[in-house]
Structure formats: structure tokens, C-alpha cells
Amino acid sequence: MMRKLPGMLAPARLVAALAAAAILAASLVVRAQEAEIRLERAPIDVRDVASLQSGARLFVNYCLNCHSASLMRYNRLRDLDLTDRQIIDNLMFSATKVGEMMNIAMTRKDAAAWFGPAPDLSVIARSRGSDWLWSYLRGFYRDAKSPTGWNNTVFPGVGMPNVLWQLQGQRALKEELEKGGGKEEHVGGAKPPKFETTVPGTLSPPEFDAQVRDLVAFMTWMADPNQVLRKQVGVWVLFFLAVLVALTYALYKEYWKDVH
């Protein structure tokens, strides 16, 4: 029998440690690649209830077909000043009760087999960031070499088509961006990608940006529905602690003033 030396990890712990190191390394590589991508700041406000309501409508119509949001319940949309009747009539297409999770009919296994990996969008804003979502949803363009006919400046080689193309229209990268550097030139560097519209959409560019803003705002809110309240409570907690420290210091000075 092999004698275990001091400080020697058990096989299970060694495998777990190696797996954790591999995951960390992969995460660092992904973040390094994303750091080279030019992201635009998302002009969102998670306190704007009207924007969040519009984003919820867009989400259930355009996203909640292939992607689920299994950590969010429909009844949480009451926080957006929506009644159960409004939720049922306008936002529930595959569920029967407002207490159900925002799931889809397809299982993850079937979705992966038919369309490729379709991540759950419950906390995608916390994983990727609001700026990434804003840039990604506005970064689609036509690419004849792609299996879906679409590509993305933020996620080159993306397998997802542009589900918002009817609103946005069809766009192509301008020719000068493909000179000399191939497809990679538009991904990194200081210059943002430039597009030209080949087929107009039903919305003008400012109108489309407003819709994407609402969608990103909703996904950001969905990833942490308590974020506004948490920040408000945090400010009051810090104020209370500051007052408590001041009173404690005053009490300390009063107690020890006659002690020499």
C-alpha cells in the first residue's frame, strides 16, 4: 500500500484542484480576449420602470424562445408595476401560472442538439456585463461565410443569428474595415466598427437603439432584481455607521477626559 506523504493531496482533491486551475485559466483567457474588444457603455437605467416593461416585452418575444431564464419567476414582474392579468395576457406564452419559472418548451439537451448551446439568460448580465450585451446586440452584420449568414463584431463566429434583424434591418461591414487584416481587424483596436445598411428595418437607428437599451436594461434588472433597493439600503447603512462612529468617539472622549 502506498504511504501518503505529509502535504500530499488525495487523488480526489488533486483532481478538483487541477480542474479549478483549468477553469481559472480558461476564464482568464476569455477575459483577456474580451478586453481587446471595444465595448460601448450601455445607456441604461434600471430605475426606469417604463424602460424595464418595454424590455420585458422584447425579452419574451425575441429571447424567450430559444433561451430560458430559469432563475426568474413571472410573478417577479409585479415589481415592474405590472398586474397578474397584464403578465398573463402580454408576457406569458408557454406557462399557465404566474408563479412558474421563465422556462421554454425545449430542454437544454434538445436545444444544444438542434441549434447549438443556448445559455440560460437569468444572470447573463452579471456574467457578461451590460456593456457587453449592449455592444453585442448592436454588433450583428451579414456574413455569407457564416453558417447562419450572420456574424458579430463582439463575438466573432457567433452561432446565433440576429433575432432583431427585422427591427434593425440587415447591415454589412464597410469595405475599408476588411483591408489587410481580414475579419479580425474590426474586433480589436481603438476604432469602432462601421456598418452600412443593405436592407432597412422597421425601426430607425435611434428607435432600434432605444429598444435594445430597454432589452439590456431588463436583462440587467433580471440578473439582480434587488439591486436598486440594495444600493439604497447600503447608503443608509453607511450613514448609520458614520453617525454611530461619531457618537462612539464622542462617548470615548467624554468617558476618558478626566483620566490621567
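## Overall surface and make-up

Accessible areas are computed with the Shrake-Rupley method and a 1.4 Å probe, and for residues only the protein chains shown count as cover. On that basis the protein chain has an accessible surface of about 17,100 Å², of which 60% belongs to carbon and sulfur atoms. The model is predicted: local features need pLDDT of at least 70, side-chain atom pairs count only at pLDDT 80 or more, and totals for chains, interfaces and linings use all residues. Residues are numbered from 1 along each chain as its sequence is written, and side-chain values use heavy atoms, with hydrogens and water left out.

The protein chain holds 9 helices and 6 strands; these are DSSP runs numbered from the N terminus, with helices (H or I) of at least four residues and strands (E) of at least two. Of the 260 residues, 32% are buried (under 20% relative accessible area, with a 1.4 Å probe and protein chains only). Among contacts (heavy atoms within 4.5 Å) with a separation of 6 or more, 70% join residues 24 or more positions apart.

## Confidence

The predictor's confidence in each residue is given as pLDDT, from 0 to 100. Its mean over the protein chain is 83, and 79% of the residues reach 70 or more. Helix 1 (residues 11-35) has the lowest confidence, at a mean of 50, while helix 8 (residues 205-223) has the highest, at 97.

Two stretches have pLDDT under 50. Residues 26-30 are one of them, with 0 contacts beyond four places in sequence. Residues 180-190 also stay under 50, but there the model has 21 such contacts.

## Helix 2 against helix 8

Two packed helices are described by the angle and the distance between their axes. The axes are lines fitted to C-alpha atoms over the stretch in contact, and angles between N-to-C directions run from 0 to 180 degrees. For helix 2 (residues 49-63) and helix 8, the axes come within 7 Å and cross at roughly 90°. Helix 2 is therefore roughly perpendicular to helix 8 (65 to 115 degrees).

Residues making this contact include L52, L58 and F59 of helix 2 and L215, F218 and W221 of helix 8.

## Around V158

V158 lies in the loop between strand 4 (150-152) and helix 7 (165-168). V158 is buried, with a relative accessible area of 5%. Beyond its neighbours within four places in sequence, V158 touches Y136, F140, S146, T148, W150, N151 and N152. One of these, S146, is 12 residues from V158 in sequence, and their C-alpha atoms are 8.6 Å apart.

Note on methods: Buried means under 20% relative accessible area, exposed over 50%, partly exposed in between (1.4 Å probe, protein chains only). Angles under 35 degrees count as roughly parallel, over 145 as roughly antiparallel, 65 to 115 as roughly perpendicular and the rest as oblique.
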